[in-house]
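Here's a walk through one protein model, from its overall layout down to single residues. Have the structure open and follow along.

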Amino acid sequence: MDNRRANPQRWRIGAWLALGDGVLLAGGAALCALPLLAWALLPGAAALAGVALTLPALVSGVIMLRTPFSAAPDTREEGLPLRRDDAPGLFEALDGIRDAMAAPPLDAIYLDGEFNAAIRQHRRLGGKTRNVLWLGLPLLDMLSPSACRAILAHEYAHIAQRHGRYASRVYFARLQWQEVARRLDRRRRLSSAPLRLFVAWYVPRFLAVSLDFARQCEVQADAEAARVCGQPAMAEALSAMALQWRALRDAWPALLAASDPPQPYAALAARDALAAPVDEAEARVWLHAALCATTADGDTHPSLADRLAALAADPARPLPWRRAAPTAAQAWLSGQRASLAARLDACCAAQSADEAAQVRQEREALTAQYHDLLRKRRI
């Protein structure tokens, strides 16, 4: 995007950011002030009644004032927490990337079961932020160290100084407001009704206004990762993610069936190669399909073809169609690889059991409500 369009877009997004924070602060303060106004303006017993009637407004106001600083997921941070002793090679690689990117340190690192890596930044009171990295074990178990290093550099770029404070603010504001909307949708309480009304109106409009900018942030993060790790490594990472995700998806049923109870991450760590793709020709068919996908209007990330074009990737570059040897997991997790895979299997099994129990409880509660309504109807 040229500068003539960039500045108006920047002002427009900035105005929406200010509107969101301004409404939360002004609206929250106004609601919190209602009991005080009732006490100050009404006489005698009427003042007590006014305070009692406006207490729900006070609760709503507190919720609105806390929202900008409490948009972290309201559940516990899931995954296996990693310490330096668990994976010294991984932490050494992260230290090198962080230094090269001039990025702030991470407050926590979690290993999870996703084929992805993501850094989330949560604002806290006092202007401080919490930076958390979620790193997928399947990603480490399929891609090379150079490709994973480029992916991690891309994530670090979102919180790095070179990325720009404004770009980082917009990037994480989008995540924050999306999390606020999800949380309010899950917890529909009367006290949060004013906030729900505003969020239902504001969030879709803010996301639409900032969507093109979000895609620019991804391209800029790719460029920063290429600067630090090299353009070939970043191009390899993008292509390898598309190909190896397809390979892992096709192999997942067999990994689940390899043991009883299922231990797919341990099974993946124990295998040297997957069944597909069988050769480079099949991999090129997969890559062609991925490259044919275009960037849709609602996508937060550009398409694979657009990202490779922005990197000016060499079309004749080697195709990373085989599972890497060694993988990043082999290089960085060393002797902890098998034990971490087993722990992740156990963690995912426990999480699945908890989710199943929660679904059963919700179903039983709905069934009880239904039968209660039937009894009332008979009466």
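Helices (DSSP H or I runs of at least four residues) and strands (E runs of at least two) are numbered from the N terminus. This is a predicted model, where local features need pLDDT of at least 70 and side-chain atom pairs count only at pLDDT 80 or more, while totals for chains, interfaces and linings use all residues. Residues are numbered from 1 along each chain as its sequence is written, and side-chain values use heavy atoms, with hydrogens and water left out.

**Overall layout**

The protein has 13 helices and four strands. Its C-alpha trace spans about 85 × 60 × 40 Å along the principal axes. Of the 379 residues, 41% are buried; buried means under 20% relative accessible area, exposed means over 50%, and partly exposed is in between, with a 1.4 Å probe and protein chains only.

Next, contacts, meaning heavy atoms within 4.5 Å. Take those between residues at least 6 apart in sequence: 74% of them join residues at least 24 apart.

The domain assignment gives domain 1 (8–67) and domain 2 (80–185 + 205–254 + 266–333), with bounds that come from an automatic or database domain assignment. The C-alpha centres of these two domains lie 40 Å apart. Where they meet, 11 residues of domain 1 are in contact with 15 residues of domain 2.

**The core**

A nonpolar core is a set of buried Ala, Val, Leu, Ile, Met, Phe, Trp, Tyr and Cys residues joined through side-chain atoms within 4.5 Å. The largest one here has 95 residues, and L140, L143, Y156, W177 and F206 have the most contacts inside it. Helix α7 is its top contributor, with 13 residues. Why does this core lie between domain 1 and domain 2? Both domains give residues to the core, so it sits between them. As background, nonpolar side chains tend to be buried together in soluble globular proteins.

Pockets are found on a 1 Å grid over the protein atoms alone: a pocket is an open set of points where a 1.4 Å probe fits, with protein on both sides within 12 Å along at least five of seven lines, and lining residues have an atom within 4 Å of a point. Grid points are joined across faces, edges and corners, and the volume is the space filled by probe spheres set on them.

The second largest pocket holds about 800 Å³ of space. It is lined by 31 residues, and N116, E218, M241, H301 and R307 are the closest to its centre. Which elements each supply at least two residues of this lining? They are β3 (117–123), α5 (145–157), α6 (165–186), α7, α8 (231–256) and α11. Helix α8 gives the most, with six residues.

**Salt bridges**

A salt bridge is a side-chain nitrogen of Lys or Arg within 4 Å of a carboxyl oxygen of Asp or Glu.

| Pair | N to O distance |
|---|---|
| R84 and D95 | 3.0 Å |
| R307 and D222 | 2.8 Å |
| R249 and D250 | 3.5 Å |

R307 lies in helix α11 (residues 304–311) and D222 in helix α7 (residues 193–229), so this pair ties together parts 85 residues apart in sequence. Both R307 and D222 are buried.

R84, in the loop between β1 (80–81) and α3 (88–101), is 11 residues from D95 in helix α3. R84 is partly exposed at 45% relative accessibility, and D95 is partly exposed at 25%. For the R249 and D250 pair, R249 is partly exposed at 41%, as is D250 at 39%. There's also a network of salt bridges linking D141, R323 and R337.

Two cis peptide bonds deserve a look. One joins A276 and P277, with omega about 0°, and P277 is in the loop between α9 (264–270) and α10 (280–292). Another joins A325 and P326, again with omega about 0°; P326 is in the loop between α11 and α12 (328–332).

Then there are positive phi values at residues that aren't glycine. A312 has a phi of about 55°, lies in the loop between α11 and α12, and is exposed at 57% relative accessible area. S334 has a phi of about 50° and lies in the loop between α12 and α13 (337–378); S334 is exposed, at 57% relative accessibility.
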